Amino acid sequence: MNKITIAVLYGGISPEHEVSVHSAEDVCKVLTKKHRILPIYISKEGDFFLQQTCGFKKPTDIKVNLKNHSKIISEDGKVEEKIALFFPVLHGPYGEDGKIQGILESYGCKYIGCGVKSSFMSMDKAISKEIAQGLQILTLEHIEISNNYDLKDIKQKVERLGYPIFVKPVNLGSSIGISKVKTEKDLESATKKALKYESRVILEKGIDNPREIFCALLEKDNGEVVASKCGELLPSKHEFFDYEAKYQDPRGCIAKTPADIDYELAEKMQKFSTKIFASLKCQGFSRVDFLVTDKNEIYFSEINSIPGMSEKSLFPQLFSASKISYEDLLNTMVSTALATKK
Ligand SMILES: Nc1ncnc2c1ncn2[C@@H]1O[C@H](COP(=O)(O)OP(=O)(O)O)[C@@H](O)[C@H]1O
Ligand SMILES: [Mg+2]
């Protein structure tokens with residue numbers, strides 16, 4: 001492949017800012033081997049800064065803006081670059097939910113990964129579950145609430161679902177704002193916590209100690225979608241895989257790839273993942289997450305259109321178990337975006 005200029009967008013205004021910076025550091029390191037990489041740090045205020053290197057650096061003075069025909073330009077006009085491809089290595093709202101993708105499209109920029117609509121639908125935990133239900137894939141029942149909720153009413157509805165209940169913002173990731181509620185007395189504080197992040201929240205029927213199994217998808221430049229082997233998170237001392245387990249406890253979130261499961265079960269989840277990816281009109285890549293009960297019932301949990309992407313993240317590990325290296329994975333994402341994005 002010819003050397004091209006790729007702008008890696010990272011950081012961003014979402015609560016998953018830090019996770020994105022870690023993902024982007026490794027992405028930049030590897031893509032630099034073949035391409036000219038321009039790291040663009042998006043501050044928590046939403047300003048774009050052209051960086052020398054990718055990472056947790058103080059923003060440089062080169063504040064840039066997008067310009068028509070896939071260009072970036074500094075505010076003083078001294079730096080102007082034509083970008084062949086943008087890579088949003090962003091997680092959560094404004095990065096993974098179609099908003100940045102819409103902005104890029106309106107400036108005529110090509111970019112890696114899912115488009116506007118598929119990003120929006122994948123990010124929304126309630127909508128993506130409806131898509132899965134339409135494919136006859138099991139999902140856990142939930143009720144959706146907003147800021148003007150009636151506590152008495154939701155307590156009654158939750159009683160019908162049964163405890164434990166997982167309370168979650170609809171459009172967030174990294175377990176931010178999520179609580180496991182075991183009794184009615186903790187329902188209100190959990191609801192308030194989730195509503196701090198977003199005005200839409202789901203209260204979902206919980207499974208105690210489910211197996212958490214994942215399958216990743218990669219679209220090749222000929223349009224073929226490859227499903228990775230399934231991987232599994234090993235049980236930890238944490239009640240569930242909360243933010244602390246995922247990012248603060250080095251032993252909190254250990255994956256086993258491939259997962260230790262029957263061939264038929266793995267094959268089922270690979271098929272489900274491919275179907276969900278196709279129904280949501282996803283592009284490029286994604287990771288689909290399942291919760292599996294002790295009776296081997298498979299529930300679709302969520303799809304991540306920009307999953308954690310540092311070299312040690314689950315997503316590259318799933319492909320490494322399928323003999324696709326981190327470098328090959330990233331190079332495929334580049335060639336697929338060049339071949340398929342309008
Ligand atoms: N219904 C549920 N039953 C059991 N555990 C759950 C349920 N929903 C979420 N969890 C736990 O919470 C974690 C984060 O939830 P998830 O829906 O994947 O949100 P995020 O997008 O933040 O990763 C899961 O990995 C799992 O450990
Ligand atoms: Mg998750």
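Colleague: How many residues of domain 1 are in contact with domain 2?
Modeller: This is a predicted model. Contact here is taken as C-beta atoms, placed from the backbone, lying within 7 Å. On that basis 16 residues of domain 2 meet a set of domain 1 residues, and that set numbers 20.

Colleague: Which stretches of the protein chain make up domain 2?
Modeller: The domain assignment gives domain 1 as 5–111 and domain 3 as 142–205. Domain 2 is written in two pieces, 121–138 + 209–340.

Colleague: What distance separates the centres of domain 1 and domain 2?
Modeller: The centres are taken over C-alpha atoms. The separation is 25 Å.

Colleague: Which element gives the largest share of the side of domain 1 that touches domain 2?
Modeller: Both α1 (17–31) and β7 (85–88) supply at least two residues of that side. By class, the side has 10 nonpolar, 4 polar and 6 charged residues. The largest share, 8 residues, comes from α1.

Colleague: Which strands does α1 lie across?
Modeller: The helix α1 runs at about 160° to β1 (5–11). The strands it lies across are β1, β2 (36–42) and β7.

Colleague: Which strands are at the edges of the sheet?
Modeller: The sheet is open, with 7 strands in mixed pairing, ordered β6-β5-β4-β3-β2-β1-β7. Its twist averages 35° from one strand to the next. An edge strand pairs on one side only, and this holds for β6 (80–82) and β7.

Colleague: What is the bridge partner of Phe49 in β4?
Modeller: Strands β3 (residues 48–50) and β4 (residues 63–67) run antiparallel and are joined by 2 bridges. For Phe49, the partner in β4 is Lys63.

Note on methods
Residues are numbered from 1 along each chain as its sequence is written. Chains are lettered from A and ligands numbered from 1 in the order in which they are written. This is a predicted model: local features need pLDDT of at least 70, side-chain atom pairs count only at pLDDT 80 or more; totals for chains, interfaces and linings use all residues. Domain bounds come from an automatic or database domain assignment. Two residues are in contact if their C-beta atoms, placed from the backbone, lie within 7 Å. Helices (H or I, at least four residues) and strands (E, at least two) are DSSP runs, numbered from the N terminus. Ala, Val, Leu, Ile, Met, Phe, Trp, Tyr, Cys and Pro count as nonpolar, Asp, Glu, Lys and Arg as charged, and the others, Gly among them, as polar. Two strands pair if DSSP finds at least two bridges between them. Axes are lines fitted to C-alpha atoms, for helices over the stretch in contact, and angles run from 0 to 180 degrees between N-to-C directions.
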